[in-house]
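Please keep the sequence and the coordinates at hand while reading.

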Amino acid sequence: MTAALSARGLSKRYGKTTALDAVDLEVAAGELVGLLGPNGAGKSTLVKIACGLVRPTGGEASVGGATAGSRAARASTGYLAELFRFPGWARAEEVLALHQRLARSDGGAAEREELLARVGLSDEGGRRVETMSKGMQQRLGIAQALVGSPRLVLLDEPTSALDPGGRRTVRDLLVGLRDQGVGVLLNSHLLSEIELVCDRVLIIDGGRVVTEGRPEDLTAPGGVEVETSDGVRRLPDARREDVPGIVRELVAGGAEVYGVRVVSGTLEDAYLAAVVGRDG
Amino acid sequence: MSDALAIAGHALREAVRRRVLLVVAILTAAFLGLYALAAFEAFDSLERTSAGGFVPIDERALAGGTLLGLAMFVALFLGVVLAVFLTLGAVRGDAERGLLQPLVVRPVGRTTLLIGRLLAASAVCAPYVVIVFLVAVLITQAAGDFTPASLVVPAAGLALGVVTVVAISLLGSTVLGTTANGIAIFMVFATGLAAGLLGQIGEALDVDGLTTASSIISWIVPFEALYQNGLHALTADIGGAAGVIVQLGPFGGASNVGAAIWPWAVAWSAAVLALAALAFRHRDL
């Protein structure tokens, strides 16, 4: 099956500065991939190449088999930029209607209504952008990215202006997109967001992919904690599979066991190990 | 073409909603009011001073030609201001504000986007200069019963002139920031006007070098050649001393630049737009 997004040896140089250096990436249909990395790591450049805003200096990228940036690729891509703005004079409905026309979507009013509902702006279709909060504008931006039911959605910091409720809405929406078979590349600084929803994570630093994998594979095991009548015992080298044996041994030794917790590291630990550890 | 029209419609809605057109309409009404006052006063004054006296030149034609020359100049100037403000941030300015990216990632070609902006600005500016000019003609007719030799050539020249300025402004917007582009376009406009004035001086003093330089520059920036051609057509039937004075004119010299200016200005605008499209296509956003 053709990948929603595929990049091979992707490079981008701005003069003497290398923004991306031979990056390989694949986002399958129905897969949610998170991009992590410090500021200036090359994440936004990668997303911009994927949607055709920036031309690569090396390598190639394709969207659904079509060269990234081509008309066919853009027709099946939805994009929310990190720094975007809609005209303040336009109403939410008008913004979506313009994008429907440009995306050649025949969804009409029903699609606009559905998209506004999905981002929690059901009653705001007639509201002008300039009267919306930053969070509402970001929700509208996400709705705009979904116009025309794209097969690939590129979201650059989609929750940066959202409150916790808004983030939950976006998380649910992303899960819904995955269920519909849409490939999603999510660029975010919010590690907890990525950890909660992404199937796979790429950590980029200095324009290169420094590590990638499933969030649960990237997070290192942190041992087992057992709460007994003698207090909490920490077994840093123990793993999940060891728990039944540990409990049996403790009970046989006369201890009373009240609880067991398998400790795992966080994505933040993995990120810091990959980025800071590398820098340091 | 449908995409270009969608972009043009969006840009036009922006001009209306942001009350650009309302402000322009109010200021234009103020200008035309002043123009009417000046025209009625001028022709009244002629009637008073001419009564019973010897008039060596056709003062009515002189007043009418000069007033309409002023109207043409102001119509062009206001049209250029409007053209520049509607387009000066079309590419780099809008990209810096984050307005352009959501549109460019759609399956609309960047060239189509530029064509849409050209159509929108032209659809506002070209009718605008024509209307201002024709209203000025009506006022001049009412005030002094003066009818210009031609209406079509000056009106069409103004319309095509502002379209050429729209094209330059779009090209500038692909490489320059908003403020820098605005300054650059007004400098180009001023260069054209200066060339026209130099031509006048050259003609008055009979200096071939100046008239040749003026002629070359006015073809390089064709809005000036179109303007000179329009001024000439406006006053072509005024003879004698009045004819000489109005052809030299206080607002740039009138000159019959020839019919080739029309296809030249159209081709020039298309070439400038093609250059803008090329620059835009190679621009990372």
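A residue is taken as buried if 20 or more other C-beta atoms lie within 10 Å of its own, with the C-beta atoms placed from the backbone. In this predicted model, 44% of the 280 residues of chain A count as buried. The secondary structure of chain A comes to ten helices and 13 strands, and its C-alpha atoms fill a box of roughly 75 × 50 × 35 Å along the principal axes. Of the contacts in chain A between residues at least 6 apart in sequence, 67% join residues at least 24 apart.

Between the two chains, 23 residues of chain A are in contact with 19 residues of chain B. On the side of chain A that touches chain B, α2 (71-75), β6 (77-80) and α3 (92-102) each supply at least two residues, and α3(A) gives the most, with four residues.

Within chain B, the axes of helix α1 (residues 2-17) and helix α6 (residues 110-144) come within 7 Å and cross at roughly 45°, which makes α1(B) oblique to α6(B). The crossing in which α1(B) passes α6(B) is right-handed. Among the residues that meet there are B:Ile7, B:Ala8 and B:Leu12 in α1(B), and B:Leu113, B:Gly116 and B:Arg117 in α6(B).

The table gives the make-up of both contact regions by residue class.

| Side of chain A that touches chain B | 13 nonpolar residues | four polar residues | six charged residues |

Conventions: Residues are numbered from 1 along each chain as its sequence is written. Chains are lettered from A and ligands numbered from 1 in the order in which they are written. This is a predicted model: local features need pLDDT of at least 70, side-chain atom pairs count only at pLDDT 80 or more; totals for chains, interfaces and linings use all residues. Two residues are in contact if their C-beta atoms, placed from the backbone, lie within 7 Å. Ala, Val, Leu, Ile, Met, Phe, Trp, Tyr, Cys and Pro count as nonpolar, Asp, Glu, Lys and Arg as charged, and the others, Gly among them, as polar. Axes are lines fitted to C-alpha atoms, for helices over the stretch in contact, and angles run from 0 to 180 degrees between N-to-C directions. Angles under 35 degrees count as roughly parallel, over 145 as roughly antiparallel, 65 to 115 as roughly perpendicular and the rest as oblique. A crossing is left-handed if the near helix is turned anticlockwise from the far one by less than a right angle, and right-handed if clockwise. A residue is buried if 20 or more other C-beta atoms lie within 10 Å of its own, exposed if 12 or fewer, and partly exposed in between; C-beta atoms are placed from the backbone.
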